[in-house]
Amino acid sequence: MSEFPKDFLWGGAVAANQCEGAYNEDGKGLDIQDVLPHGLMSEPTDEPTPDNLKLKGIDFYHRYKEDIRLFAEMGFKVFRLSIAWSRIFPNGDEEKPNEKGLQFYDDVFDECLKYGIQPLVTISHYETPLHLAKAYHGWSNRKLIDFYLHYCKVIFDRYKNKVKLWITFNEINSILHAPFMSGAIDLPKEQLTNQELYQAIHHELVASARAVKLCHEMIPDAKIGCMILGVTVYPLSPRPNDIIAKMLYDRGSYLFSDVQARGYYPSYTKRLFEEKGVQLQIEPQDIEDLKHTVDFISLSYYSSNCISADPTAGEPTKSNMTRDLKRNPYNEASEWGWQIDPQGLRYTLNKLYDRYQKPLFIVENGLGAKDVLVEDGKGSYTVEDDYRIEYMKQHLLQAEEAIKDGVELMGYTSWGCIDLISCSTAEISKRYGFVYVDLNSDGSGTLNRYRKKSFNWYRDVISTNGESLHDTKKTCK
Ligand code: BG6
C-alpha cells in the first residue's frame, strides 16, 4: 500500500526564465537572466546580445496550452511555475503594472484550472528585473523590499481567486554562492563585502515575511511557503573537525529557513555575524514583521555532498553549484557531477521536519541528462529514459520512507517536467523533462514536443498515488 496521502500534490515545476522565451514581447522588460550567457556561474555581460538570448526558453509563452494539456494527460494535480517579475513591472520600480503581462498569467492559470491543475507560483525565481540590479544594486538596497511588496500586492490581488499556493523566493539561500543571479547584486564577488551580502539577505527575509503577512490578509484561504536549496552535506570523515564543519555549513542554510519558519534570527547568528564583521541594519518594524512565518517549507533536492575541515582532504565535487564541497566515494554522479543520493532525500526531509514541524513540499527534484530521440514505432518519436525513471523512482520511494517516518509532505513537483534551459549552464542538452523539446544548443529545432518513456511512467505513479512505485513487474508502454 502506498503511504502517500490521498490529497498528495503530484506535479511538475518550471521557471519563467527557463521556459517562456519571448524575452521582449508584450512589454516585458529585461531581467538578470538576459545578461547571463552561460548560466549561474558566468559573468554578466553589460547588455544582452542576440547570442545570450537565443536559448532563453522553449517558447512556453506561445505553447503553454499544448504543454499544460500534456501535464494534464499525466494527471498533474499541481503545476509549479514562476511569474516573470519583469512582465508585470518591466523595470521593477514602476507604479503601474503591465496589463499584457498580467493577462498572460491569467490565461496560463485559467488553462491549468480548466484541467483541475492547481498553480503553485514562485514569486521570484532568479529573474529580478535588470533595472533593479543596475540602478539599485539589487537586494543590497532596502528599497527592493517595497518594490517586491508592490509587485506581490498586484499579483495577489489579480490572482487571488486562481492561485492558492505561493512561494516567496526560489532557493533563497543560493544568494550565498550566486549573489547576482539570486540577489541581483551586480558587484563582482570579490568586491562584495559580508556586510552587503548579509544586509541583502536581511532585506529578502523581511520582504518574504511581509509577503506572507500580505498573502494571509489578501487571500486567507491560500498557503504561502519559503523555499530552500537543499544542499545536503555529510562529514567527509568521523573526525570531530569534520562534524563541526558540517554543523557550520548546515547553519549557513538553516539561517534562512530558521528565520522564515520561526520568525526570528537564531542565537548562532550572533557569533556568525561577529566573525564575519557584519552589523545588520535592522529597523524595529522588521523584527515585528519577521514574526509572520510561512505555512510550509519547500525545497529542491538533487544530490548530496561531503564537507571537510581540511581543504586538501578528499576529492572536490565536479558540480559547479557546490564549490568547496567533496565527492562522496559511496555515491555515483550524474554527467554534470551532481552526486545521486536518494536516501539523502529521506534524511533531508526528516532533518527539516524535526526542526520545524511544518509541512514540507519537494518542489524540485530530477535528473539532468543527455537524451536521445528515437522513433517510437508508431510514427512519432520518444526517449527511452530508463535512467530518469530509476532516479525518480528511488527518490520517491525515499520520500515515502520519510512519510512513514512521520514527515508531513504536501507534494512533489519534479523539476523541468518539460525540457527547459539549464540554470547553472544555460544548456538545453541538460534535460529533465517527461516531455522532450526539439531544440538544439545552437537555437535550431522545430520546438515540437514528444512524450518520453518517463511520461507514461509518471502518469502511472500519479494515477496509483504512488502504488506503482512498488510494482516490480510493470513496464511502461
Ligand atoms: C535549481 C533551480 O537550483 O536547480 C532551477 O531552482 C534549476 O532553476 C535547477 O534549473 C536545476 O539546475 P540546472 O542547472 O541543472 O538547470
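Author: What follows treats the helix contacts in turn and then the ligand. The model is predicted, and the description below should be read accordingly.

The account begins with helix H14. Helix H14 (residues 386-405) packs with helix H13 (residues 342-356) at an angle of about 30 degrees, their axes being 8 Å apart. Angles under 35 degrees count as roughly parallel, and H13 and H14 are therefore roughly parallel to each other. The crossing in which H13 passes H14 is right-handed. On the H13 side, the contact is formed by Pro 342, Gln 343, Leu 345, Arg 346, Leu 349 and Asn 350. These residues meet Gln 394, His 395, Gln 398, Ala 399, Glu 401, Ala 402 and Asp 405 of H14. By class, the contact of H13 with H14 comprises 5 nonpolar, 5 polar and 3 charged residues.

H14 also packs with helix H15 (residues 453-463), at an angle of about 25 degrees and with the axes 9 Å apart. H14 and H15 are therefore roughly parallel to each other, and their crossing is right-handed. From H14, Asp 386, Arg 388, Ile 389, Met 392, Lys 393 and Leu 396 take part in the contact. The partners supplied by H15 are Lys 453, Ser 454, Trp 457 and Val 461. The contact of H14 with H15 is made up of 5 nonpolar, 1 polar and 4 charged residues.

A further pair is formed by helix H9 (residues 194-218) and helix H10 (residues 240-262), whose axes come within 10 Å and cross at roughly 30 degrees. H9 and H10 are therefore roughly parallel to each other, and H9 passes H10 in a right-handed crossing. Here Tyr 198, Ile 201, Leu 205 and Ser 208 of H9 meet Leu 255, Phe 256, Val 259 and Gln 260 of H10. In the contact of H9 with H10, 6 residues are nonpolar, 2 are polar and none is charged.

The ligand remains to be described. It is surrounded by 14 residues, of which the closest are Gln 18, Glu 171, Cys 423, Ser 424 and Tyr 432. Polar side-chain atoms also lie by oxygen atoms of the ligand: for Glu 364 the distance is 2.8 Å, and for Ser 422 the distance is 3.3 Å. In the side chain of Lys 430, an N or O atom is 2.7 Å from an oxygen atom of the ligand.

Note on methods:
Residues numbered from 1 in each chain as written. Predicted model: local features only at pLDDT ≥ 70, side-chain atom pairs only at ≥ 80, totals over all residues. Heavy atoms only, no water. Axes fitted to C-alpha atoms, helices over the stretch in contact; angles between N-to-C directions. Helix = DSSP H or I, 4+ residues; strand = E, 2+ residues; numbered from the N terminus. Parallel < 35°, antiparallel > 145°, perpendicular 65-115°, else oblique. Left-handed = near helix turned anticlockwise from the far one by under 90°. Contact = heavy atoms within 4.5 Å. Nonpolar A, V, L, I, M, F, W, Y, C, P; charged D, E, K, R; others polar. Near = heavy atom within 4 Å. Polar contact = N/O pair within 3.5 Å; in protein donor to acceptor, adjacent residues only side chain to side chain.
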